[in-house]
Amino acid sequence: MTATHPETAHAGDNARQGGEVRNGDMDQVALDIASPRMTDADAGPAVGPALRPALFARYGDLSKLRYDFPLVLVDGDGGGRFLQSLTSVVDGILREVAPPGAAAESLRRQVLRLESEIRAQVSRGESDSLSLLWKRTAADLITEKGESVFGPLATKLDHAREALHVDGAVIDCDEDTPYRVLVHIWTAVQASKAKAFRKKVDALVMKLSDILKADFMKSDKAHTQEALQSAVGTSFESAFDFAAMSRVLSRGPSEDRLSEDRRRRIRAVLQVLQSQRFYGPGRASERRPDQPEPYSFVFDSCAAALDAFRDRLPEMLDFVKVLTIAELEIQNKYRTALHDPVFAHFDESDLSEDQLALFPSYLVCLRDGRTDPAETLRAFETLASGLPVKVLVQTDDILGTTSPEPPRSSFGAGSARLAAMAVGLNDTYVFQTANANLYRAHDRLVTGMRYEGPALFTVYSGATPSAAGVPPYLLSAAATESRAFPTFVYDPAVGPDLATRFDITDNPQATVDWPVHDLFYEDEALQRIDEKVPFTHVDFVACDARYARYCEPAPRANWRDDMIPAADYLKLAPERSLEHSAYILTVDAGNALSRTVVDDKLMNAARHCADAWRRLQELGGVNNSYANRLLARERVAWEEQKAQELAELHTAEPPAPEAAPPAEAVAPPIPAAAVEPAEAEEPEPANPDEAWIETARCTTCDECTQINNRMFAYNENKQAFIADLGAGTYSQMVEAAESCQVSIIHPGKPRDPSEPNLEDLIARAGPFI
Amino acid sequence: MSAPLTQCLLRLLDGNYTLTDYQSDTLPRWCTGCGDNSILTAVQRLCRDEQLPPEKTVFVSGIGCSSRLPHYMNAYGFHGLHGRALPVAEGVKLRRPDLHVFVTTGDGDCCSIGAAHWIHAIRYNMDMTVLLHDNEVYGLTKMQASPTSPRGLKSNTTPRGALLDPLNPLTVTLGVANVSFVAQAVDWIPEVLFDIITQAYRHKGCSFVRVLQRCPEFMDHRFDPWVQDPSKMRVLAHADGIQLKPDLSRIYRNQETHDPSDLHRAREVASLTEEIPVGVLYRNSAVPCYEDLREGERPNTPGLIRTVLNEEFDKFTIWPEDGGGTAPPE
């Protein structure tokens, strides 16, 4: 049997033409491992024969495929997208300048050729920005074609280049990729934080400077002839007599100036704001010659990061205090007696999460094989501290030494469990993934970097020395496929429970033990055979030369009926497994398909891996055992109930035809209530004999208060009321009623029967009673 | 971005202002019975109820009886040129967006000489409260016809009676793009006036309130039919607008449920002539404010201005050592 060679691939999926490879689509992968057979010694890298899982068959030279790599680390904001794949950038260009159709076909082909050349260069280790790579590669293609720099090819590529709207370093999938990607995203997230920080600080600096400036302008120094002249400038200086101006201003009354204490405090606040080292100066910031360099927040050990945090804590406290003092001063609400003691006792216990979030987070990059293994423990403690620390743990080797059981002590395998343990910390953002998935995990990475608390990123690079023949992209993708290093995220910020926080859906076919893919091959009669092949942990392990001695390719003549695929073997009960031997499908250098029998030790390792995967599935809500048990109990109860009902039906009279359930009564719509003027209960009618005012309707027109401001007064709302009836005459009351613009004064009956002209007054008061 | 500590400390010293804290030493010199008094009282009550710091409050006016108001408020004031209250207020708001800006203007100041500024101020929708004291006459200059004077009014400039129909400030304002708040009040229902001014203040955007006010000196009985017959007042009641208290409801029974978000109905109501509609005619909180749209990513500090200018100049600078190139020397 021959696995389908890329050149004879089935229709619609031609890798040579640049068919897209999705992460985890292992059907398209072909691999070429060439390494000597491993001896019995537990050596380092590559000591076994070349073995390729059959699903790798279609992946030959990755540089000829269009897939997620290389990546562009986008400069600047990038519209919130800090990573782009070269493929997506080129697709964007083609959509803009070469929409589908015959007219643009030539341009499309040239641009795709250019992309392919860039990809090949990057895979050879040439690193540069996208714009420079484009320029260089375009020049090479033009030279190769023998055209001039103004020829048709150059014109086409220039036209396409105008649609290139992003730039940044281009990187391939290799051992440095996790570090570079995470540092890039961290830097971009900090940059947007820095912008907001600077905006706030610059605004405070401006306002405080304005206060000092305004105070200075009231001082004698500002009134000198020289100061006035420099304030006006040279354009109109001949229009002024500055000496006279100075004399006039100096003679004027002294205005309120800031106290020396306050001036000193504002200057001290300005000094701290302008000399902070947490973020570098932006375009709007005043640059001072003596300004110290900003702090670095990227470390290669947790100890160094924690030390730096502790060293900078006093400065952070000072800065937070100063921010508050600045706002108080700007509002003119700083009170020495009240606030000095508050700030004197301000310490780290008063620092809130919001205040900590002002400052950059700390990025710690740890790496398997290059970092002290004790850093793993320290990383855990650092995450548990709740500080805004982002820890990247890169592992290059998941499997560890050739003890096939899950290694218990090596750093590499430990990191696979570190992420699962970190979930238990509850408030730590945890994201585990493989190198191959970094592009698609962009949003998860950004969310983690923006998360205000601690975050852990564990990334398997795929650059395992003992699997040197497998590109890191392929190996890291295989680790995800085989559940050896599954992807998952735990985000405490999205919800209160595990169901919302924990997510494993980024894994291929997350609901099953092993993802299953299609394998097409030709049999001896050159007939196409389609087969569904699972990619198991054993397939992943087989790529590592250290484990080659546990795998034995079986020639066709030795095939037996008791040989079953490894995935099926894993499903057998222990007693039945003794009757069978497990195999995986592999291909050799010529893409000839064969069965490779695997040792029981590898099967045990696969069982452990499957078990760990199922635990992870449970956390992610898949095949959750609690839910399944509850479901089973409910099902049993439901079945019993139904059985009982059936039994009752059989023993009872033939039942009447079941009435259709009454249609749910639909309540008639409530008619919109007409809005009636609010009717209050009628107040007690005022005694018509007594004088009174409808105070609430008073328009403050001063008519009544001008007549008698002891009889009529204003309340706290500047509306009139009768303050002292005895303070004026009935005549004044009637006059006020007549003058009132809104006729709210009701004079009542006169109190003094001896007042002159009472009859006339009563008649005049009539309309107002 | 203020930390909780800052908020706590700021609130500790929130002032406890009373009405008198907003009364300046200058006593109002309006005529007795002038509707401006009612508006002044309503504004002072608003400042007290909202506890606006006097040093953070600005009243901007133009010319006219209305424009005396800043003198009678114990707050910052700018008594400016005729018709220019709105552009000055916009300048204040742009430079100091943290201040509470009120504009008091009259029918002449706003609708005549200031008409151009009025239209664009509505369009810019900057966060301020505009009170149009509409007494339908030029009172300060002793009786000339204004754009809102009724047809037939005999005045010093229209001895045979005003020839034209008056301009309707409400329909004009409702026809301007980006309008976000329009209301009408009358000075003789002070509770409603206060309620409307409060809502106008709380609205984020340019709140335009036309206050029909009496001029006892020159337009003595102009509004008598409406003052004496409450049924001629149409109160626009709505949960999202004003709601009369029961005692006022008994008096002003002519009420209409009017949804302030209904622009078309607002325009119809604004066109009423026999009845005076009182209430919030239109409100749209979604219209953006110009100062928010203009807000940059960073403040225009002297450092930024210097940096940007130098960058621009560098583009055109010839550096001698470079032999004529445009790049600064390394």
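**Figure 1. Packing of helix α4 in chain A.** The buried residues of α4(A) pack against α1 (86-97), α2 (105-123) and α3 (130-145) of chain A. This is a predicted model, in which local features need pLDDT of at least 70, side-chain atom pairs count only at pLDDT 80 or more, and totals for chains, interfaces and linings use all residues; side-chain values use heavy atoms, with hydrogens and water left out. Residues are numbered from 1 along each chain as its sequence is written, and chains are lettered from A and ligands numbered from 1 in the order in which they are written. Helix α4 covers residues 152-161, and its buried residues are A:Leu153, A:Ala154, A:Leu157 and A:Ala160. They cover an arc of only 125 degrees around the axis, which puts them on the same side of α4(A). The arc is taken from the directions from the helix axis to the C-beta atoms. Buried means under 20% relative accessible area, exposed means over 50%, and partly exposed lies in between (1.4 Å probe, protein chains only). Contact means heavy atoms within 4.5 Å. Helices (H or I, at least four residues) and strands (E, at least two) are DSSP runs, numbered from the N terminus.

Figure 2. The side chains of A:Glu117 and A:Arg113 meet in a salt bridge at 4.0 Å, N to O. A salt bridge is a side-chain nitrogen of Lys or Arg within 4 Å of a carboxyl oxygen of Asp or Glu. Side chains of opposite charge can pair when their charged atoms come close. The two residues are four apart in α2, so about one helical turn separates A:Glu117 from A:Arg113. A:Glu117 is partly exposed, at 26% relative accessible area. A:Arg113 is also partly exposed, at 35%.

Figure 3. B:Arg95 and A:Asp210 form a salt bridge through their side chains (3.4 Å, N to O). B:Arg95 sits in helix α3 (residues 85-95) of chain B and A:Asp210 in helix α5 (residues 177-217) of chain A, so the pair joins two chains. A:Asp210 has a relative accessible area of 30% and is partly exposed. Over all chains, the structure holds 60 salt bridges.

Figure 4. In chain B, the side chains of B:Asp49 and B:Arg48 meet at 3.0 Å, N to O. B:Asp49 counts as partly exposed, with 42% relative accessibility. B:Arg48 counts as buried, with 14%. In chain A, a network of salt bridges links A:Asp261, A:Arg262, A:Arg264, A:Arg265 and A:Glu329.

**Figure 5. A nonpolar surface patch on chain A.** The patch is formed by A:Val232, A:Phe236 and A:Phe240, which together have about 280 Å² of accessible area. Patches are made of residues with over 30% relative accessible area and no salt bridge; like charges are joined within 9 Å, and nonpolar side chains (Val, Leu, Ile, Met, Phe, Trp, Tyr) within 5 Å. Accessible areas come from the Shrake-Rupley method with a 1.4 Å probe; for residues, only the protein chains shown count as cover. A:Phe236 lies in the loop between α6 (225-232) and α7 (242-251). A:Phe236 counts as exposed, at 55% relative accessibility.

**Figure 6. The loop between β4 and α6 of chain B.** B:Ser155 is found in this loop, which runs between β4 (128-134) and α6 (169-174). B:Ser155 counts as buried, at 7% relative accessibility. Its side chain reaches the backbone nitrogen of B:Ala145 at 3.3 Å. Beyond its neighbours within four places in sequence, B:Ser155 is in contact with B:Met143, B:Gln144 and B:Ala145. B:Glu136 also has its place in the loop between β4 and α6. B:Glu136 is not a glycine, but its phi is positive, at about 65 degrees. B:Glu136 is buried, with a relative accessible area of 5%.

**Figure 7. Backbone details in two loops of chain A.** The peptide bond from A:Phe69 to A:Pro70 is cis, with omega near 0 degrees. A:Pro70 is in the loop between β2 (52-53) and β3 (71-74). A:Asp702 has a phi near 70 degrees, a positive value in a residue other than glycine. The loop that holds A:Asp702 lies between β19 (692-693) and α22 (703-707).

Definitions and conventions: Polar contact = N/O pair within 3.5 Å; in protein donor to acceptor, adjacent residues only side chain to side chain.
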